[in-house]
Amino acid sequence: MTPGPEAECAASCVPSITSSGHRVCLLTADGVRIEAAHTPRRAPSEADPAACADTPAIVLAHGFTGALERPALRRAAAAFSQHADVITFSFRGHGGSGGRSTVGDREVEDLAAAVRWARALGHRRVATVGFSMGGSVVLRHAALHGPGEHGERTDAHPDTVVAVSAPARWYYRGTAAMRRLHWVITRPTGRLVSRLGLRTRIHPEDWDPVPLSPTEAAGLLAPTPLLVVHGDRDPYFPLDHPRMLMSAADPATAELWIERGFGHAENAAAPELLGRIGEWITAHTPA
């Protein structure tokens with residue numbers, strides 16, 4: 001991904017300069033246009049390539065039905081911008097991005113495009129933070145773009161990974177919230193409700209093939225530092241999910257936080273928790 005992707009914009013994906021940074025459209029490897037925004041740690045007028053090189057970037061991957069402009073993601077971006085430059089984007093089928101949601105499968109390409117943009121801006125250190133569906137995406141993305149057989153990395157590789165409220169396995173229906181979500185995803189009426197009521201466009205076809213599970217991906221991340229964050233009041237995924245992820249990860253490079261009173265994903269993440277995650281990223285993103 002090269003700088004200056006504005007020519008690839010969809011009608012609903014408009015590049016602009018804002019008070020918090022600038023917005024572009026990115027083209028994924030499979031041809032989907034993705035809206036993205038860059039929020040620098042310092043004012044845009046003070047930013048320069050050398051500063052980007054020394055400042056880590058945090059790329060935020062939102063949960064299902066989230067988007068770049070949703071208040072919860074903006075709050076998270078504001079909190080993380082105290083520690084690093086922040087890249088936010090809308091997954092395919094969400095917000096002003098093109099395409100349709102595949103609920104965690106092809107979304108890996110969206111995240112890869114955002115990480116490539118962070119590196120095109122000059123950032124040598126890039127962390128990915130994913131919430132819920134985005135948590136599964138950052139795990140799979142890191143497994144696919146991490147060190148290869150000979151230790152090489154792609155330009156889309158993350159240096160640090162944080163999965164918040166992430167599922168450990170696919171097709172989980174053990175909670176009422178997940179049963180409702182599966183109705184939305186799998187039924188024509190549910191997809192209509194999602195498009196009209198949740199502003200999320202869902203692809204009607206089943207996965208083929210079924211992607212690598214988050215737990216399998218967690219086992220492939222080392223030596224990339226991994227933080228798994230989960231709430232003990234999560235209405236979607238109970239605590240066996242983060243524990244499964246940790247059981248697969250390398251204990252030398254992975255850490256688990258079980259947060260008391262925390263619910264689910266970016267909508268429930270308090271500024272104090274986001275601040276601690278930002279501090280952890282700063283400490284664990286290698287130069």
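A residue counts as buried when its relative accessible area is under 20%. With a relative accessible area of 16%, W170 is therefore buried. That cut-off will be handy throughout this tour of the structure, which is a predicted model.

**The chain as a whole**

Let's start with the overall picture. The chain is built from 10 helices and nine strands. Of its 287 residues, 56% are buried. Among contacts with a separation of 6 or more, 74% are between residues 24 or more positions apart. The chain exposes about 12200 Å², and 53% of that area comes from carbon and sulfur atoms.

**Aromatic neighbours around W170**

The structure holds five aromatic pairs. In one of them, the ring centres of W170 and W207 are 4.9 Å apart and the planes stand at 70°, so this pair is edge-to-face. W170 sits in the loop between strand 7 (160-164) and helix 5 (176-186), while W207 belongs to the loop between helix 6 (188-197) and helix 7. The two residues are 37 residues apart, and the pair links distant parts of the chain. Together with Y171, W170 and W207 form one aromatic cluster.

**Where helices cross**

Two helix pairs are worth a look on your screen. The axes of helix 3 (residues 107-120) and helix 4 come within 9 Å and cross at roughly 70°. Helix 3 is therefore roughly perpendicular to helix 4. On the helix 3 side, the contact is made by E107, V108, L111, A112, V115 and R116. Helix 4 contributes M133, V137, V138, R140, H141, L144 and H145.

For helix 5 and helix 6, the axes come within 5 Å and cross at roughly 95°. These two helices are therefore roughly perpendicular to each other. Here W183, V184, I185 and T186 of helix 5 meet P188, T189, G190, R191, V193 and S194 of helix 6.

**The inward face of helix 8**

Helix 8 covers residues 240-248, and its buried residues are H241, P242 and L245. Viewed down the helix axis, the buried residues fall within an arc of 95°, so they line one face of helix 8.

**F89, a buried strand residue**

F89 is found in strand 5 (residues 85-89). Its relative accessibility is 0%, so F89 counts as buried. Which residues does F89 touch, leaving aside its neighbours within four places in sequence? The contacts are I34, E35, A36, V59, L60, A61, H62, L68, L73, D110, L111 and A114. One of these, L111, also takes part in the contact between helix 3 and helix 4. F89 can be related to L26 as well: the two are 63 residues apart in sequence, with their C-alpha atoms 9.3 Å apart in space.

Most residues other than glycine have a negative phi, and most peptide bonds are trans.

| Site | Backbone feature | Value |
|---|---|---|
| D208 and P209 | cis peptide bond | omega about 5° |
| A222 and P223 | cis peptide bond | omega about 10° |
| R199 | positive phi | near 55° |
| A265 | positive phi | near 60° |

Where do these residues lie along the chain? P209 is in the loop between helix 6 and helix 7, and R199 is placed in the loop between helix 6 and helix 7 too. P223 lies in the loop between helix 7 and strand 8. A265, by contrast, is part of helix 9 (residues 265-268).

A265 has a relative accessible area of 4%, so A265 is buried.

Key
Residues are numbered from 1 along each chain as its sequence is written. This is a predicted model: local features need pLDDT of at least 70, side-chain atom pairs count only at pLDDT 80 or more; totals for chains, interfaces and linings use all residues. Side-chain values use heavy atoms; hydrogens and water are left out. Buried means under 20% relative accessible area, exposed over 50%, partly exposed in between (1.4 Å probe, protein chains only). Helices (H or I, at least four residues) and strands (E, at least two) are DSSP runs, numbered from the N terminus. The arc is that of the directions from the helix axis to the C-beta atoms. Contact means heavy atoms within 4.5 Å. Rings of Phe, Tyr and Trp (its six-membered ring) pair if their centres lie within 6.5 Å; planes under 30 degrees apart count as stacked, over 60 as edge-to-face and the rest as tilted. Accessible areas come from the Shrake-Rupley method with a 1.4 Å probe; for residues, only the protein chains shown count as cover. Axes are lines fitted to C-alpha atoms, for helices over the stretch in contact, and angles run from 0 to 180 degrees between N-to-C directions. Angles under 35 degrees count as roughly parallel, over 145 as roughly antiparallel, 65 to 115 as roughly perpendicular and the rest as oblique.
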